[in-house]
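Subject: Structure for you to look at

Hello,

Here is the structure we talked about. Please open it and keep it beside you while you read the notes below.

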Amino acid sequence: MTDPTADPTTSPTTDPTAGPVIRFGELRGYLDALEALGDLHRVTRPVSADLEAAAISRLSCERQSAAPLFENVEGVAPGFRLLGAPAALSSAPGKPLARVALSVGLPAGTTAAELVDHLARTREAKPVPPRPVAREDAPCKQNVLLGDDATLDRFPVPRVHEFDGGPYANTWGIIVARTPDGRWTNWSIARIMLIDGRHMTGLVIPAQHIGMIWSQWVEIGEPMPYALVQGGDPAIPFVGGVPLPPGVDEAGYIGALHGEPVDVVRCETVDLEVPAGAEIVIEGHLSVGRDAREGPFGEFAGYGSTETSMQPVYTVEAITHRDDPIWPLVAEGRPVDEFHTVTGVGQAAEVLAELRAAGLPVTTAWSPLRAASHWMVVTVPRDWRERLPGVDSAALTHRIGKVLSGSHSGRATAATFVLDDDIDPADDTDLLWALATRIHPLDRAEAWYGFVHPLLNCYTREERAAQSGPIVFHDGLLSAPGEDRLPHSSFAQAYPERIRRRVLEHWAD
């Protein structure tokens with residue numbers, strides 16, 4: 001058995017606070033990098049998986065503290081660990097997106113615009129298929145549980161919120177699924193609730209990738225093979241949360257992201273491959289029928305829920321895991337947590353890629369983190385009118401709406417604001433000022449009707465149930481430079497350069 005922590009290809013080659021990093025290959029090298037940043041908190045006192053670990057993780061998100069690694073979990077064998085807030089905002093000073101950036105191989109100080117641009121460009125890169133490795137070279141095979149031993153009772157499956165329907169076996173793992181014809185293998189994240197040690201149930205929304213693949217198995221009347229993967233290279237759950245287009249294999253995208261393939265190994269009982277460096281892999285089949293009641297669960301909009309629904313059942317048929325396994329935990333809720341830093345960032349990257357592919361002049365796109373993935377902001381360069389002669393701001397907003405109203409990522413947010421790039425949409429102070437002063441209270445907006453995400457809290461109960469309603473595009477563009485556009489009444493724009501320099505030079509006097 002190889003030790004990936006000793007392999008130089010699985011550890012940062014440079015200081016992650018200062019320069020480029022390479023892929024980690026597994027979760028433990030990533031945790032070493034967080035620790036070097038001072039962004040990991042080892043919790044050694046006894047902690048319960050029943051609410052307590054999640055409560056600490058939630059508070060760490062709300063206080064933007066170091067990610068908690070629970071090394072003494074009550075009720076399980078020594079060595080079994082939980083990791084909270086794996087990709088939430090970082091506590092490293094001046095590097096709020098460090099966990100997200102490191103997860104995709106970028107330096108800890110990467111900006112929001114750089115991050116989104118990197119992900120959007122990777123979408124256009126040639127996929128790098130995964131690389132099969134021998135079973136003996138796969139850390140996830142260090143322990144193999146079959147038959148009666150294949151039970152989740154021995155693992156610290158966390159209960160996340162007091163009002164949840166039960167413990168949740170998946171908040172940050174990827175579900176590996178493949179279409180019956182083998183053409184599409186999907187890695188995605190969806191919540192999964194524990195029923196008992198051998199059974200789970202989770203959301204299978206028809207419009208989501210897991211729902212599309214499951215429906216193909218339902219059509220042929222066979223249960224869907226699945227593998228639920230906890231831990232591994234931090235890019236894996238990140239990309240699992242990015243809304244790539246249907247038919248795109250996430251493993252190939254991650255390979256393109258890192259410039260080298262993801263190592264995978266065959267499962268024990270189903271015809272699927274999983275990341276070899278995973279911490280825990282659960283295998284089995286997903287039932288044809290919606291046979292169990294799932295929920296409620298506190299979701300990304302930030303509210304507790306009372307809603308439940310009938311969903312398919314995951315049967316547990318095998319479990320493999322590393323020695324001293326680490327089970328990641330996301331305590332989802334009010335912003336900012338992993339849904340907002342991962343799915344929101346991923347949606348922004350998809351929006352940017354789609355608008356650029358349509359030939360529209362766009363500087364960046366951003367899902368404001370504290371808007372709970374309900375808003376999207378698109379900024380355009382100062383010279384957009386020169387690039388699109390004869391097009392006014394309403395027509396440009398209409399073109400943006402036409403592209404995004406027909407895309408999965410575009411329809412995943414309720415409101416999109418089109419602004420000039422004199423503001424940074426990732427700076428909440430900048431953004432709030434711009435929205436208040438540039439968005440008309442009634443006019444300069446266009447609605448596009450169609451699919452809406454059923455978990456967006458701003459819609460009515462009827463709209464969420466029907467998954468149908470409006471998404472709105474707001475024209476917040478200023479007039480052309482030289483017309484009646486006014487300078488900012490700010491330090492940067494209301495004073496000559498010589499005065500600003502003198503003020504800065506003597507600021508501490």
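Angles under 35 degrees count as roughly parallel, over 145 as roughly antiparallel, 65 to 115 as roughly perpendicular, and the rest as oblique. The model is predicted, so local features need pLDDT of at least 70 and side-chain atom pairs count only at pLDDT 80 or more, while totals for chains, interfaces and linings use all residues. Residues are numbered from 1 along each chain as its sequence is written, and side-chain values use heavy atoms, leaving out hydrogens and water.

Helices (H or I, at least four residues) and strands (E, at least two) are DSSP runs, numbered from the N terminus. Axes are lines fitted to C-alpha atoms, for helices over the stretch in contact, and angles run from 0 to 180 degrees between N-to-C directions.

Helix packing

Helix α4 (residues 112-123) packs against helix α8 (residues 338-357) at about 60°, and their axes are 8 Å apart. The two are therefore oblique to each other. On the α4 side, the contact (heavy atoms within 4.5 Å) includes L115 and R123, and on the α8 side V345 and R356 are among the residues. By class, this contact of α4 with α8 has nine nonpolar, no polar and five charged residues. Here Ala, Val, Leu, Ile, Met, Phe, Trp, Tyr, Cys and Pro count as nonpolar, Asp, Glu, Lys and Arg as charged, and the others, Gly among them, as polar.

Helix α8 also meets helix α10 (residues 393-404): their axes come within 10 Å and cross at roughly 115°. These two helices are therefore roughly perpendicular to each other. V351, E354 and L355 of α8 touch I400, V403 and L404 of α10. That contact of α8 with α10 divides into five nonpolar, no polar and one charged.

The sheet

Four strands form an open sheet in the order β1-β2-β3-β18, with mixed pairing (two strands pair if DSSP finds at least two bridges between them). β1 (40-43) and β18 (326-329) stand at the edges with a single partner strand each, so one side of each has no neighbour in the sheet. From one strand to the next, the twist averages 20°. β2 (residues 67-70) and β3 (residues 81-84) pair in the antiparallel sense over two bridges, and L69 has L83 in β3 as its bridge partner. Helix α1 (residues 27-37) lies across β1, β2, β3 and β18, at about 105° to β1.

Regards
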